[in-house]
Amino acid sequence: MTPGLSTRELMFEAASRAYEDAGVDPRKDVQSFVCCTEDFWEGISITDEYMPDQLGAVLRPLCTVASDGLVGIATACMQIASGLADVAVVESHSKASDVLNPTEIMSFAFDPTYWRHIDADPLFLAGLEMTRYMKESGTKREHCAQVAVTNKANALMNPRGVYGAKLTQDQVMQSHNVSTPLTEHEVCRPIDGSIVFVLASAARARKLGNHTVWINGIGWSSETPIVEDRNMARAEYAEQAAARAFKMANVKTPETYFDLAEVDDTFSYKELQHLEALRLAPKGKAGKMAASGAIGRDGRLPVNVSGGSLGVGHLLEATGLHHLVEAVVQLRGEAGRMQVPKARRAVVQSWRGIPTASGAVAVLGN
């Protein structure tokens with residue numbers, strides 16, 4: 001929580017740091033600003049009208065994407081690739097501490113027109129999906145719990161990891177039941193924050209310094225919004241987004257290509273499901289790899305060494321940008337105690353959360 005700072009103050013601070021880091025003047029050097037917000041989380045309508053001042057974007061081109069921050073990154077990439085902009089800025093934020101009824105917002109998102117309102121915690125969908133995923137993939141209950149154990153332990157080394165903790169599998173599985181079989185420690189908790197990225201064309205980026213991280217591929221996808229029509233055992237939106245990003249980046253063998261991965265872990269089982277969707281783990285094997293440490297900090301593929309959302313917190317539409325920040329810090333060699341040795345290639349994946357089936361994937365290199 002940030003009771004001493006408003007949403008606008010968070011944005012101004014993040015933007016100021018980003019511009020200083022990139023060495024750009026938003027009033028002179030930036031041709032486009034992209035914000036990723038959802039009116040329901042903001043509590044106001046047409047939220048882009050409230051964005052220009054703190055970003056230095058007054059009387060400048062600015063658009064709002066009502067989706068996860070990684071989709072905003074993709075939007076900026078398209079603007080740059082088309083020649084519309086040479087430098088673009090992407091911002092997303094969370095002021096979750098101001099949201100009094102988050103479960104009502106999630107419930108409303110199911111389908112307010114054709115469905116009768118379900119008077120139940122919307123996390124029931126996560127419990128159903130987790131059950132189906134474990135049954136179809138053969139993943140054990142302990143494997144999901146291990147994700148929470150690992151990510152929260154990783155967060156203890158991250159200065160941003162406010163939910164870091166030392167836990168055991170038993171403590172995770174015996175914690176308060178949220179939606180069977182999902183427990184309290186396997187659900188990420190909300191956090192406030194603002195994240196700003198400065199993107200540039202290749203020619204411009206080479207003039208901005210030697211800390212550039214390149215976006216070699218990016219893709220996004222939205223599966224059916226009808227919950228009954230989905231295959232709950234798979235994250236098909238992640239499969240589709242990854243296929244597009246990998247094709248653009250010419251990634252043939254994702255299981256051996258990357259040095260680290262930052263993937264969505266809104267719920268413990270989601271990390272395993274997403275790893276399989278990205279082909280970083282064989283179908284039905286992600287749980288065993290997590291239990292053996294193969295996808296841990298010291299394993300073949302370090303996954304969520306930042307602590308992920310389980311260890312750092314969930315930033316609403318900025319969650320994808322948080323995963324991106326952690327990957328960028330690694331590729332720039334600035335991760336401190338979390339640093340993965342010789343990190344050169346990373347994959348970042350996001351999911352917009354319940355009840356959506358929307359996500360994005362980005363391939364990064366240094």
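Analyst: A nonpolar core is a set of buried Ala, Val, Leu, Ile, Met, Phe, Trp, Tyr and Cys residues joined through side-chain atoms within 4.5 Å. Buried means under 20% relative accessible area, exposed over 50%, and partly exposed in between, with a 1.4 Å probe and protein chains only. The model is predicted: local features need pLDDT of at least 70, side-chain atom pairs count only at pLDDT 80 or more, and totals for chains, interfaces and linings use all residues. Residues are numbered from 1 along each chain as its sequence is written, and side-chain values use heavy atoms, with hydrogens and water left out.

Start with the core. The largest nonpolar core holds 54 residues. F258, F267, L278 and I354 have the most contacts inside it. Helices and strands are DSSP runs numbered from the N terminus (helices H or I, at least four residues; strands E, at least two). Among the elements that each supply at least two residues of this core are α6 (124–137), α7 (141–155) and α12 (268–277). α10 gives the most, seven residues.

Take I354. Contact means heavy atoms within 4.5 Å. Beyond its neighbours within four places in sequence, I354 touches M106, F110, P122, L123, L125, A126 and F267.

Now α12. Axes are lines fitted to C-alpha atoms, for helices over the stretch in contact, and angles run from 0 to 180 degrees between N-to-C directions. α6 and α12 pack at about 50°, with axes 10 Å apart. α6 is therefore oblique to α12; angles under 35 degrees count as roughly parallel, over 145 as roughly antiparallel, 65 to 115 as roughly perpendicular and the rest as oblique. From α6 come A126, E129, M130 and Y133; α12 brings S268, Y269, K270, L272, Q273 and E276. These residues divide into five nonpolar, two polar and three charged. Here Ala, Val, Leu, Ile, Met, Phe, Trp, Tyr, Cys and Pro count as nonpolar, Asp, Glu, Lys and Arg as charged, and the others, Gly among them, as polar.

α7 is the other partner. Its axis lies 7 Å from that of α12, at about 100°. α7 and α12 are therefore roughly perpendicular. H143, C144, V147 and N151 of α7 meet S268, Y269, E271 and L272 of α12. By class, that contact has four nonpolar, three polar and one charged residues.

One last point concerns S268. Its C-alpha atom is 10 Å from that of G308, 40 residues apart along the chain. G308 lies in α14 (residues 308–312). At 0% relative accessibility, G308 is buried.
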